[in-house]
Amino acid sequence: LWADVKVYQDVAYVSNESGGGIDVVDLAEVDSGIITLIQRLTTGGLSSVHNIAVDEVSGFLYLCEGNINGGRLVAYNLSNPRYPTLAGQMGNGPGMHDAQVVTYTSGPYVGRQICFGAAGGSGLYVVDVTNKSNMYVVSQLSYGGLSYCHQCWLSDDRQYLYVNDETDGIAETRVVDVSNLDS
């Protein structure tokens, strides 16, 4: 019933909640109408995952609410995009329903890879994922009327995060100042 697609270079990664892992699809000849299933990624018992995120700068794919690691973030290295390898996983904290992961290339957080995660009933989380074997929560936000923090997206200037709550019954987008990741 659900699938998510993210593209890195000329490869698409397709998640699903039905089983069989993540489809890794070659798009190198898509303009000729040819796409090829390279593999179904099932490393570590991966069977299903609700959503995925890709940091195109660092070249890592992240699972959001997968059937492994208690739904917490799991990272795969995309140095060989057709054959991702397990890079690490978040040791504690909530599962992320949706996430955006970015690498800061300037400013006070230069060189850090940061996950902005919508963690359902747990709210919004900022997680440093730079070291895949030691991902850690930098900060967390519970906002008024929190019901199910569903999705988020960072502004181009990386100063604000736009957040949607799926089940709060309020038709609004929350705008969160993320200029200081620690608060």
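Reader: What makes D10 count as partly exposed?

Author: D10 has 27% relative accessibility. Buried means under 20% relative accessible area, exposed means over 50%, and partly exposed is in between (1.4 Å probe, protein chains only). So D10 counts as partly exposed. This is a predicted model, in which local features need pLDDT of at least 70, side-chain atom pairs count only at pLDDT 80 or more, and totals for chains, interfaces and linings use all residues. Residues are numbered from 1 along each chain as its sequence is written, and side-chain values use heavy atoms, with hydrogens and water left out.

Reader: Why is the pair of D10 and R82 called a salt bridge?

Author: The closest N and O atoms of D10 and R82 are 3.0 Å apart. A salt bridge needs a side-chain nitrogen of Lys or Arg within 4 Å of a carboxyl oxygen of Asp or Glu. The pair therefore qualifies as a salt bridge. D10 sits in the loop between β1 (3–8) and β2 (11–16), and R82 in the loop between β7 (74–77) and β8 (85–89). They are 72 residues apart. Strands are DSSP runs (E, at least two residues) and helices are too (H or I, at least four), numbered from the N terminus.

Reader: Is R82 buried or exposed, or in between?

Author: R82 has 21% relative accessibility, so R82 counts as partly exposed.

Reader: Which residue besides D10 is in a salt-bridge network with R82?

Author: D26 is; D10, D26 and R82 are linked in a network of salt bridges. For R82 and D26, the closest N and O atoms are 3.3 Å apart. D26 lies in strand β3 (residues 22–26), so the pair ties together parts that are 56 residues apart in sequence. D26 has a relative accessible area of 18%, so D26 is buried.

Reader: Why is the pair of Y104 and Y109 called edge-to-face?

Author: A search of the whole structure finds 1 aromatic pair. The ring centres of Y104 and Y109 are 5.6 Å apart and the planes stand at 65°. Rings of Phe, Tyr and Trp (its six-membered ring) pair if their centres lie within 6.5 Å; planes under 30 degrees apart are stacked, over 60 edge-to-face, the rest tilted. So Y104 and Y109 are edge-to-face. Both are buried.

Reader: What lies over the face of Y104?

Author: R158 does, at 5.1 Å from the ring centre. The rule asks for NZ of Lys or CZ of Arg within 6 Å of the ring centre and within 35 degrees of the ring normal.
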